[in-house]
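Please read it alongside the entry shown below.

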Amino acid sequence: MKPIALCCLLLVAGCTATAEDVARADAAQAREQARLDKTLAGYEAGKPQSCINPFGNSNVSIYGETLLYRDGSRYWLNKPTGGCFGLKRDDIIVTKSYGGQLCRGDIVRTVDRSSGFPSGACSFGDFVPYTKPRS
């Protein structure tokens, strides 16, 4: 086998996820989804909105690749466009709002809490409000 072909084969093999890696990622995703479901139990989803007021929404929690803002008794669920791979529960979320609102398409940057180094970036999707139903 030619050296270049061998190097390419080794490179591809090194990037391939094993079944164990996939199972571990699936289990982590299932845990985060169960945690999110527990938080939103008793709440109803409303009509998605493209922007929200960032003031009063500074309390953000991370559930896998989902961001959940809390505004008093209401939650705003956001699934970043294209996902936000590698987002960790204890990352610091850094946003820059234009026009005074957080909007779909705005860039979300993440910073590792322990090292202080940037750890990634993604883009907001729609914001889905979750509220308690009126009795």
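In which helix does Ala30 lie? Ala30 is in helix α2, where helices (H or I, at least four residues) and strands (E, at least two) are DSSP runs numbered from the N terminus. The model is predicted: local features need pLDDT of at least 70 and side-chain atom pairs count only at pLDDT 80 or more, while totals for chains, interfaces and linings use all residues. Residues are numbered from 1 along each chain as its sequence is written, and side-chain values use heavy atoms, with hydrogens and water left out.

**Overall architecture**

- The protein chain holds two helices and 10 strands, in the order α-α-β-β-β-β-β-β-β-β-β-β from the N terminus.
- Of its 135 residues, 27% count as buried; buried means under 20% relative accessible area, exposed over 50%, and partly exposed in between (1.4 Å probe, protein chains only).
- The accessible surface (Shrake-Rupley method, 1.4 Å probe) comes to about 9,100 Å², and 57% of that belongs to carbon and sulfur atoms.
- Contacts are heavy atoms within 4.5 Å; among those between residues at least 6 apart in sequence, 56% join residues at least 24 apart.

**Nonpolar cores**

- A nonpolar core is a set of buried Ala, Val, Leu, Ile, Met, Phe, Trp, Tyr and Cys residues joined through side-chain atoms within 4.5 Å.
- The largest such core has 13 residues, of which Leu67, Tyr69, Ile93, Phe124 and Phe127 touch the most other members.
- Another core, of nine residues, lies apart from it and includes Leu40, Leu68, Leu77 and Val128.

**Two individual residues**

- Thr110 belongs to strand β8 (residues 107-111) and counts as buried because its relative accessibility is 3%.
- Beyond its neighbours within four places in sequence, Thr110 has contacts that include Leu87, Asp91, Ile92, Ile93 and Phe117.
- Ala30 counts as partly exposed because its relative accessibility is 45%.
- The C-alpha atoms of Ala30 and Gly64 are 9.0 Å apart, although 34 residues separate the two along the chain.

**Largest pocket**

- Helix α2 (19-39) and strand β3 (59-63) each supply at least two lining residues, and α2 gives the most, with five.
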